Amino acid sequence: MRLIGITGGVGAGKSEILRFIKQHYCCKIYLADEVAHDLQEPGGICYTKLIELLGESVLAEDKSIDKGKMAARIFLDKNLLLKVNAIVHPAVREYLENAVKEAENDGETELFFIEAALLIENGYKDFVDEMWYIYAGDEVRRERLKNSRGYDDDRISRIMESQLSEERFREGSDFILDNSGDLSEAHSLIKQRLEAYTWKE
């Protein structure tokens, strides 16, 4: 089984790439952000620790963690952000490590993908067999984010500035997949990269 990290800036089209991969390969796909969200739900491994750190003021009426309230707390205190990350990131890593072991033993999974914008920053380069950088030019990404999410230029700029530079993404990756143009071009590159693995129509 090959373990592949999928990363890239906002608006690069990672979700579309993964949709194609899921359709045509014997694979498992985990989105690190979704795993983190689940682990912060009531009963999740991070839930109690986060409440102890942040206090019950971040809870919604249904006792789940209100992500908006938590974000507001963290925004005002960078040390708090570090403490939250110290709770969430190791828990996500442990969850994914266990998922990888299960997939290795199931006898069916040929490819295991982990997607997150922060894979390189969070040290996953040494965990995966190879890191893929999904690339798209800034203007293409801006247009996609305006059309698909209704973001304005200021919001897009703030998000882009908070993420790794293109140079850092490229330095930390083993394969650059250009997703600036027609999706069929990206699909062709994926098929070439994964030609050793089972193709499903």
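Modeller: Helix α3 packs its buried residues against α2, α4 and α5. Contact here means heavy atoms within 4.5 Å. Helices (H or I, at least four residues) and strands (E, at least two) are DSSP runs, numbered from the N terminus. This is a predicted model, with residues numbered from 1 along each chain as its sequence is written. Local features need pLDDT of at least 70, side-chain atom pairs count only at pLDDT 80 or more, totals for chains, interfaces and linings use all residues, and side-chain values use heavy atoms, with hydrogens and water left out.

Which residues of α3 are buried? They are Y47, L50, I51 and L54. Buried means under 20% relative accessible area, exposed over 50%, and partly exposed in between (1.4 Å probe, protein chains only). Seen down the axis of α3, the buried residues fall within an arc of 100°, so they line one face of the helix. The arc is that of the directions from the helix axis to the C-beta atoms. An α-helix has 3.6 residues a turn, so residues three or four places apart point the same way. Just after α3 comes G55, with a positive phi of about 90°.

Follow the chain to the loop between α3 and α4, where I65 lies. I65 counts as buried, at 5% relative accessibility. Leaving out residues up to four places away in sequence, I65 touches Q40, Y47, L50, I51, V58, L59 and M70. Y47, L50 and I51 are also among the buried residues of α3. For a sense of distance, take I65 and G150. They are 85 residues apart in sequence and 26 Å apart in space, C-alpha to C-alpha.

Now the cores. A nonpolar core is a set of buried Ala, Val, Leu, Ile, Met, Phe, Trp, Tyr and Cys residues joined through side-chain atoms within 4.5 Å. The largest one has 39 residues, and I65, V92 and F112 touch the most other members. Two or more residues each come from α2 (32-39), α3 (47-54), α4 (67-76), α5 (78-105), β3 and β4. The largest share, 10 residues, comes from α5. A second, separate core of 18 residues includes A12, F20, Y25 and L111. In soluble globular proteins, nonpolar side chains tend to be buried together.

Next, the sheet. Five strands make an open sheet, in the order β2-β3-β1-β4-β5, with parallel pairing. Two strands pair if DSSP finds at least two bridges between them. β2 and β5 stand at the edges with a single partner strand each, so one side of each has no neighbour in the sheet. The twist averages 25° from one strand to the next.

What about β1? It is mostly covered, with 5 of its 6 residues buried. Parallel to β3, β1 is joined by 5 bridges, and L3 has F112 as its bridge partner there. F112 is also one of the core residues that touch the most other members. To β4, β1 pairs in the parallel sense over 4 bridges, with I6 opposite W132. β4 is in turn joined to β5 by 4 bridges, again parallel, and I134 stands opposite L177.

Helix α9 lies across β4 and β5, at about 155° to β5. Axes are lines fitted to C-alpha atoms, for helices over the stretch in contact, and angles run from 0 to 180 degrees between N-to-C directions.

The buried residues of α1 (residues 14-24) are K14, I17, L18, F20, I21 and H24. They cover an arc of only 155° around the axis, which puts them on the same side of α1. Their cover includes β1 (2-7), β2 (27-31), β3 (111-115), β4 (130-135), β5 (175-178) and α9 (183-193). The face turned away from the buried side carries the exposed residues S15, K22 and Q23.

Finally, look at S173, in the loop between α8 (166-171) and β5. S173 is buried, with a relative accessible area of 11%. Its side chain reaches the backbone oxygen of F169 at 2.7 Å. That is a polar contact: a pair of N or O atoms within 3.5 Å, where, within protein, one must be able to donate a hydrogen and the other to accept it, and residues adjacent in sequence count only if both atoms are side-chain atoms. Leaving out residues up to four places away in sequence, S173 touches T7, I120, K125, M131, W132 and Y133.
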